[in-house]
Amino acid sequence: MQMQSDALPDCGLTVGPFAPTAADRLSSAHGSSGSIESLIDHYLGPLYPDYADHTRPMLIRQARDLLVCTFHGDLERFEGDFLRPATDIVRELRCAYQRGKLWQSTPMRWK
């Protein structure tokens, strides 16, 4: 699950790889996702460049800590109250970064 770091995500969140899907609606509640690893892969994997190689182990370790210490093992509540909002924040940060990167690479024409 690797996203090219130069790709401009759809920041309108209506189409493309960052668009919410039916699976984003509390997937653990519907039994389509049974582990913290699969939830992190589903929600955060597409948002990080070099996800599998560098970021995945750290995110899963931190997610397990949060799940146990803050959400007392309640995977559905972890997903709805933390993971989905956190994904929205990461998505928006990534979009803002890409917009800034695009803006900086656009030649300015002053007349």
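Which residues form one aromatic cluster? F71, F78 and F82 do, and the close-ups below start from there. This is a predicted model, in which local features need pLDDT of at least 70, side-chain atom pairs count only at pLDDT 80 or more, and totals for chains, interfaces and linings use all residues. Residues are numbered from 1 along each chain as its sequence is written, and side-chain values use heavy atoms, with hydrogens and water left out.

**View 1. The aromatic cluster of F71, F78 and F82.** Rings of Phe, Tyr and Trp (its six-membered ring) pair if their centres lie within 6.5 Å, and by this rule there are two aromatic pairs. With ring centres 5.6 Å apart and planes at 80 degrees, F71 and F78 make an edge-to-face pair (planes over 60 degrees apart).

**View 2. Burial of F71 and F78.**

**View 3. Helix α1 (residues 36-43) crossing helix α2 (residues 51-69).** Helices here are DSSP runs (H or I, at least four residues), numbered from the N terminus. The two axes, lines fitted to C-alpha atoms over the stretch in contact, come within 10 Å and cross at roughly 125 degrees, on a scale from 0 to 180 degrees between N-to-C directions.

**View 4. Residues where α1 meets α2.** Contact means heavy atoms within 4.5 Å. On the α1 side you will find I36, E37, I40 and D41, which meet Y51, R56, L59, I60, A63, R64 and L67 of α2.

Definitions and conventions. Helices (H or I, at least four residues) and strands (E, at least two) are DSSP runs, numbered from the N terminus. Rings of Phe, Tyr and Trp (its six-membered ring) pair if their centres lie within 6.5 Å; planes under 30 degrees apart count as stacked, over 60 as edge-to-face and the rest as tilted. Buried means under 20% relative accessible area, exposed over 50%, partly exposed in between (1.4 Å probe, protein chains only).
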